[in-house]
Structure formats: C-alpha cells, structure tokens
Amino acid sequence: MTMDKNKKVAGKHLNNVLDEKLKRIPVCEPTIGVDELENVVEAIKTAWISGKGKFVNEFEQEFAKYCNAKHCLTTTSGTTALHLALASLGIGKGDEVICPTFTMAATGFSIAYTGAKPVFVDCDPVTFNIDTTKIEDEITRNTKAIMTVDLYGHPCDYDPITRIARDNGLKVIADSAESHGSKYKGIKVGTLADITCFSFYANKIITMGEGGCITTNSDEIAETAAELKDLAHSKQMRFYHYKIGYNYRLSNILAGIGLAQLKHIDKFIEMRKNNAMLYNALLEDIVDVPFEFDWAERVYWMYCILTENRDKLMERLKNVGIETRTVFIPMHQQPAFRYLGLFKKLPISEDISNRGMYLPSSSHLKEEQIRYICKKVRELV
Ligand SMILES: *Cc1c(COP(=O)(O)O)cnc(C)c1O
C-alpha cells in the first residue's frame with residue numbers, strides 16, 4: 001500500500017501549507033509523514049539511537065543500490081560528507097582543489113577545513129554549473145582534485161571533467177547535495193566522480209532533518225572513509241589511533257527518517273518535476289526559467305528564476321504571503337575567503353547571483369498554489 005502511504009504523507013503536508021493561520025507559502029519545507037514517524041518511534045523504543053543500528057545499515061545499502069554505487073557511507077551532514085571525501089583522498093595543506101564559485105558555502109568551506117586552497121571557477125550561464133572550459137586554466141602543480149557541484153538538480157557535464165581529471169592525474173569529488181536521482185547521459189549521480197557527496201538537510205530532495213553521505217565504487221576509498229568517519233580507531237585495537245579521525249556518524253534515529261524518505265524518492269522527484277513544468281509553462285515568457293540539456297535528466301531542487309528588479313519582486317511577493325529566497329552569493333565574493341587574496345571578477349556567477357531567486361519549491365505544493373504564485377509573479381514582476 002505504498003501509494004496510499006504516499007498520499008497520506010503528501011496530504012498531511014498540504015494541510016500545513018494551506019493552514020489559514022499560516023497565511024504564507026514557505027519557500028521549501030520537507031514532505032514527511034507516518035513512515036518517518038514509525039521509524040523514529042522504533043529507534044527510540046529499541047534504544048538504538050547512536051551511530052550504530054539497523055536503519056543506518058539499511059539506509060546505506062538502499063541508497064547505494066539507488067545510485068548503483070558499490071558503497072554508501074552516511075555522515076552527519078552534506079558538509080561533513082564533503083570534508084570526509086577530501087580527507088579520504090588525503091587532500092590537505094599545500095594542495096589546491098578547483099570548484100565552482102557559484103555554490104553553497106559548504107563546498108568551499110570543506111576544502112578550507114583540510115588546509116587546501118579552494119580555487120574558484122566561473123559558471124556556465126545556462127546550468128549555473130562549473131564552466132568546464134575554464135577548469136584547465138586553473139590547474140597548477142598543486143592541484144589535486146576538481147570538486148563539481150550539480151546545482152539545483154542539473155548534473156554537470158561530466159565527460160570533459162573526467163577527461164581533464166584523467167589527463168592531469170586529478171580526483172573528482174561531486175557535490176550532489178541538490179541532485180539526488182538526477183542522471184548524466186543515463187547514469188545516475190553517485191558514480192560519476194571518484195566520490196559523490198549528498199546532503200539530507202530538511203529542504204533537500206529527501207531529508208533526515210540533518211544528514212549526509214558519500215557514495216563511491218572504490219573499495220579503498222570506502223575503507224578509508226569508514227575509518228575516518230569513526231575516529232580512525234586502529235584495526236588492532238579500539239581507542240588506539242594512528243591517524244586523526246572524525247566523528248561523522250549519523251544517528252540511527254535520523255537514518256530511520258532517511259530510510260522512510262528513500263521509499264518515496266522517485267515520487268518526490270516526479271512531484272517536483274511536475275511543479276517545475278507548471279512553473280515553466282506559466283512563467284517562461286517573462287523570466288528566465290530552469291533549463292535541461294538533452295544529455296541530462298535533471299531533478300528540481302529549489303525552483304530558480306532570474307529576473308531584473310529581483311529584490312523588489314521578492315518584497316512584493318512577501319507581502320502577499322509568498323516566501324522566496326535569493327540564490328547563493330559566489331564564493332569569490334565572500335569575506336570568509338578574503339584570506340586567499342584578491343579574486344578576479346567572475347561575471348557570469350555575479351550576474352546570476354544578482355538576478356536569481358527561488359520560488360516556493362516543496363514537493364507537495366499544489367497546482368492551485370503554483371497558479372496563485374505565478375499569477376502574483378506576473379502582476380508584480
Ligand atoms: C545543502 C548543500 C550542502 C551542505 O549540506 P548540509 O547537509 O546542509 O551540510 C553542500 N553543498 C551544496 C551544493 C548544498 O546545496
């Protein structure tokens with residue numbers, strides 16, 4: 001009776017969204033319900049609440065299967081997944097990692113945690129993903145890896161990235177925190193890079209509240225990552241350590257939420273796609289709407305539009321109960337990265353950052369809500 005449960009899960013949320021007292025459509029909220037609740041209750045009743053437990057193991061097995069990856073290792077967040085990925089490849093001080101400037105701060109931060117230097121590259125104006133033609137210019141003898149980001153659910157163009165990495169002896173780490181289930185040339189994200197990182201934060205395609213994971217096909221990487229995420233206890237003796245490890249163990253309670261979510265992932269992806277298609281149809285003549293290359297089967301995380309006078313539009317939408325949000329501010333414009341010295345202008349990312357905003361993007365948005373939002377956007381833009 002999965003279908004009925006799906007309905008129930010979504011139905012419960014529609015009530016929340018349409019709650020008269022709320023009088024606002026949130027920019028994005030999770031679609032969660034009875035299956036998640038059952039697993040949380042079970043974890044608590046059985047007292048399996050730490051980083052060990054059957055939900056952790058089951059989630060890792062099921063998510064690896066979903067991505068057609070050999071290994072999945074859960075972590076406490078997408079950010080710690082990124083750090084674990086870099087650490088598992090031995091990246092550290094003196095190394096450089098190339099990544100897009102137009103991304104969420106966790107991408108750049110994770111590189112900084114290792115002591116390596118993030119090297120920011122401008123993005124493609126259509127997908128907003130790293131401009132693959134600008135990667136090679138940034139390679140130096142210290143470059144160790146390329147960190148790609150599949151932004152808003154659209155996969156990067158992995159063929160040129162893989163070729164550049166192979167030609168230059170670099171590793172590829174994919175930050176797929178926003179793109180669970182998306183496909184590049186028919187292959188799901190999760191195995192397109194040496195390591196792929198996912199987030200299960202509350203507003204992602206599927207959620208645990210907080211959580212993350214890495215996937216890889218490499219036994220060696222998986223073994224190192226498993227060791228590092230659990231404080232790097234030595235094989236011979238627990239509490240004897242040759243390496244500095246981390247505690248990135250995901251709680252079994254949260255894994256239980258994730259496991260319930262994973263049952264509905266294809267449904268959520270479809271709901272978000274239908275929402276995006278309706279938005280596109282109602283808005284594409286007045287604003288820039290998301291694009292999908294024919295080599296990609298994208299998913300839709302935040303529904304992002306570009307428009308002049310964005311700030312005014314956001315303010316006006318807020319006044320009629322529609323919550324929106326601005327897109328990311330590029331990494332090269334962040335005070336936190338000023339220690340790296342002066343950056344050159346990266347104009348495409350700066351332009352997108354100035355014009356981009358998210359419209360409400362919850363999976364369970366109703367058609368009437370999207371029609372209402374679009375009507376208001378058309379009136380107020
Ligand atoms: C959400 C996100 C992250 C971080 O995930 P958390 O689980 O919030 O730590 C990293 N990268 C990108 C691109 C994201 O969207």
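Which residues lie nearest the centre of the second largest pocket? I looked this up in what is a predicted model, and found that Val119, Phe120, Glu138, Phe343 and Lys344 are the ones nearest the centre, within a lining of 20 residues.

I then noted the space in the second largest pocket, which comes to about 320 Å³. Strand 3 (residues 117–121) gives the largest share of the lining of this pocket, five residues, and by class I recorded nine nonpolar, three polar and eight charged residues in the lining.

I turned next to the largest pocket, which holds about 470 Å³ of space and is lined by 31 residues, with Met104, Tyr201, Asn203, Lys204 and Trp301 nearest its centre. Looking up where the lining of the largest pocket comes from, I found that helix 4 (78–88), helix 5 (105–113) and strand 12 (325–326) each supply at least two residues, and that the largest share, three residues, belongs to helix 4. The lining of the largest pocket divides into 15 nonpolar, nine polar and seven charged residues.

My last entry concerns helix 9 (residues 265–283), for which I checked the length: its 19 residues, at 1.5 Å a residue, should span 27 Å, and the end C-alpha atoms are 27 Å apart, so the two values agree. I also listed the buried residues of helix 9, which are Ile265, Phe268, Ile269, Met271, Arg272, Asn275, Ala276, Leu278, Tyr279, Asn280 and Leu283. For reading such a list I keep in mind that an α-helix has 3.6 residues a turn, so residues three or four places apart point the same way.

Terms used. Residues are numbered from 1 along each chain as its sequence is written. This is a predicted model: local features need pLDDT of at least 70, side-chain atom pairs count only at pLDDT 80 or more; totals for chains, interfaces and linings use all residues. Side-chain values use heavy atoms; hydrogens and water are left out. On a 1 Å grid over the protein atoms alone, a cavity is a set of points where a 1.4 Å probe fits but cannot get out, and a pocket is an open set with protein on both sides within 12 Å along at least five of seven lines; lining residues have an atom within 4 Å of a point. Grid points are joined across faces, edges and corners, and a volume is the space filled by probe spheres set on the points. Helices (H or I, at least four residues) and strands (E, at least two) are DSSP runs, numbered from the N terminus. Ala, Val, Leu, Ile, Met, Phe, Trp, Tyr, Cys and Pro count as nonpolar, Asp, Glu, Lys and Arg as charged, and the others, Gly among them, as polar. The expected span of a helix is 1.5 Å times one less than its number of residues. Buried means under 20% relative accessible area, exposed over 50%, partly exposed in between (1.4 Å probe, protein chains only).
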